[in-house]
Amino acid sequence: MKLSENWLREWVNPQATINEISDRLVMGGLELEIEPVLETLPQGVVVGRIVKAERHPQADRLQVCEVDVGQPQKLQIVCGAANARAGMNAPCAVVGAKLPDGMEIKQAALRGVDSFGMLCSAKELGLAEKSEGLLELDHDAKPGTPIEQYLGLKDNVLNLEITPNRGDCLSVLGLARELSALYAIPMKRPSFPQAVVVGHSQVKVEIEDLQACPHYTGRVITKLNPKAITPDWMRERLRRAGLRSIHPVVDITNYVMLELGQPMHAFDSGKISGQVRVRRARAGEKLELLNGETLEFNHGELIIADDHGPLALAGVMGGQESGVQVRTTGIFLESACFAPTAVAATARRHKLASDSCYRFERGVDPGLQRSALERATQLILQICGGEVHPVITAGRPPAEPVTVRLRQTRLNQLLGHEIAEKDVEQLLSRLGITTRHELGGAWIARVPSYRYDLRIEPDLIEEVARLYGYDRIPAKPYAARLAPGRPSEAARSLSRVQDVLVSRGWQQIVSLSFVEPGLQGQLNPDARGIPLDNPIADTLSVMRTTLWAGLIPAWLYNRQRQQNRLRLFEQGVAFADVDGQIVETSRLAGLAVGAALPEQWSSAARPTDFYDLKADVVALLGSTAGEYRFEKAEHPALHPGQSARILRGERPAGWIGALHPKLVRTLDLPEAPLLFELDWEVIRDTRVPVSQPLSEFPSSRRDLALVVPETVSADALIACAKASGENLLQKVFIFDIYRGDNLPTACKSVALGLIFNDYSRTLTLEEIDASVARITSQLTRELGAVIRQ
């Protein structure tokens, strides 16, 4: 929200600079920045009135104007603006003037006619990025008045970032209340007298959902002057707040919203048929909004409707058909209180944002509607004229103010500092909170209706601390002794896993949990992505079910920047919908592409393959790697011949493999990346290291060359050998694989290394040979293995 400093000082004017005010507001919990209206003020620019305008004798698009600048002699100025005309007031830069962009105005001859100055547009004064024609000023502007004085350009804009709990500060009134409390000075609130009612026209209002709209006020105003224009002072205040001038009535509703914090809407009364109803939309009803967008309602949105159908989306945006137009002479002015949840749900569902919605979502004072209506009526009569009709009120009266019990002992305990009782009462009274003292050092605090955020005792304690000054509360050591947590030795730390991967050339990334639904649907078609109600972009509209959906875009982004060899990993959460419940699973995933080794002279370049990736995965599994097995299996996103399921015992631990060729073509990828994804909950547990003595007796090795079918995996061979080798077999490993001549069809030769040892004695040849025979026999029976001759 943006507000003018000069406007704010009309309500409360502490004896402090704007920077001191800013610092005090920041210490009070409001974040803001100060921006000057103009970095450099114009010099020598005054209000000018065009007395006469004639066509230039040598140029059709130029006019020779006679301009009154408050001096005895009028100036002759050549002007090319299309809207320049006699009787118009506009900024005039006289000879010697200097504009904000550094341009200095000199006497010049344009097509043979002398020009003694320049008539200015808003862009030339630095008030707009672009403009068409001269900046037109009010007819009552006095010629010769310095433009910085007339437009109040010696001003600053407060650019505030208001937290959701402080909706009461979204106005000049709210910010003035805050400054009044912080500086302990009175606020000069202008009086808004009730307008004199002349007519008797009324629009009947009915509220069908009192929870969503507890209070509604309105008024008919007729005989408006359709030629009325918004005065300069109001246009400037709206511009400094970031709002453009649209129509006098619309500008007044926006002005009251900024001044008091009450969003309002004006309907063209001639386009309302029958009575006005605040109700839920019926399925299939449609409404064209002021922004040109047409909505179809199917979720019971809160709307304002008449006998013919929807007129406006309650608290969010008005309808195009019932809105105020240039020729409007009668309006129905709405000032209502809508529930934050009702407005927020509608805005999120239809991806709409407005200043009105922004305020209703944070809570609008339920006691403000009548005074805002009177203020808007006063301004409309002042600017547009018209006849005022009676106020229509519907709904229930505002609820009684909330009361909260505050204990002195609890306040001192939470703050760690004692504040005197009289100081507590004084600080709360500055916020408009009345207190009633109770026995036992407590108060019953009566909270004003505009403070939605004060509902429990700690809320009041925070307010006391805020006004007392956090800098006045001395820092003290914490009284409690906190025992440092001791990580379990049986749990693998994420930092150690990260260190392992980084030491092997991997780089960690952090990606959003929101991903592109098309990419994720192809990577994990069996899982339904959880859609976002209000995504930040269409390409980030579902929650990820796999971390691969973030790794692949990260790889492509880096590849476009000439990074061809990449090892990326991420630790994060994946989301799944399981029987209507959202389940979060912590995952560790990686992607590898490019050469197996960095560019070097000692080894020939070769691409990274499945076994390179598997070696890195085994390394990160550490001392528990022996508990895992890689089992051939098919995954919809992985190459059917280069993929494996990773199991820890019988528990699924993850997947590893190359991206499916079909997906490589569909996604138009430059190559097939290698991927892995592990369930962190499964791999996190590890064994506590236990020391074992080395055997004092020699080991013996036997090698077996076995011919097995191609379908037999290395894992199956090793598992079978271990199971039949009993306690004497200490280690089994594969040291050679041969495919070629002299082998049966669809077979391969696998060489196994067997290490035998006993910790209590030296094994005899007979024991070793018997164990080898058992292993060979078992391999033959279970896997069809034959000793290669």
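Predicted model: local features only at pLDDT ≥ 70, side-chain atom pairs only at ≥ 80, totals over all residues.
Lys223, for its part, is exposed, at a relative accessible area of 58%.

That pair is one of 48 salt bridges found in a search of the whole structure. As a general point, side chains of opposite charge can pair when their charged atoms come close.

Another salt bridge joins the side chains of Glu438 and Arg405, at 3.2 Å from N to O. Here too distant parts of the chain are linked, since Glu438 is in strand S23 (residues 434-438) and Arg405 in strand S22 (residues 403-407), 33 residues apart. Glu438 counts as partly exposed at 25% relative accessibility, and Arg405 is partly exposed as well, with a relative accessible area of 43%.

Arg606 forms a salt bridge with Asp612, and the closest N and O atoms of that pair are 2.8 Å apart; Arg606 is partly exposed, with a relative accessible area of 39%. There is also a network, in which salt bridges that share partners join Arg166, Asp168, Glu178, Arg451, Asp453, Glu463 and Arg466.

Now to the cysteines. How many disulfides does a search of the whole structure find? The search finds zero. Cys213 is in no disulfide, and the nearest cysteine sulfur, which belongs to Cys337, is 7.3 Å away. Cys213 counts as buried, at 0% relative accessibility. For Cys720, the closest cysteine sulfur is in Cys747, and at 17 Å that is too far for a bond. Cys720 also counts as buried, at 5% relative accessibility.

I will finish with a pair of helices, H10 (residues 408-415) and H12 (residues 457-468), whose axes come within 10 Å and cross at roughly 65°. The crossing of H10 past H12 is right-handed. Which residues meet there? From H10 they are Arg410, Leu411, Leu414 and Leu415, and from H12 they are Glu457, Ile461, Val464 and Ala465. By type, the residues of this contact between H10 and H12 divide into six nonpolar and two charged, with no polar ones.

Definitions and conventions
Residues numbered from 1 in each chain as written. Heavy atoms only, no water. Axes fitted to C-alpha atoms, helices over the stretch in contact; angles between N-to-C directions. Helix = DSSP H or I, 4+ residues; strand = E, 2+ residues; numbered from the N terminus. Left-handed = near helix turned anticlockwise from the far one by under 90°. Contact = heavy atoms within 4.5 Å. Nonpolar A, V, L, I, M, F, W, Y, C, P; charged D, E, K, R; others polar. Disulfide = S-S within 2.5 Å. Buried < 20%, exposed > 50% of the residue type's maximum accessible area, 1.4 Å probe, protein only. Salt bridge = Lys/Arg side-chain N within 4 Å of Asp/Glu carboxyl O.
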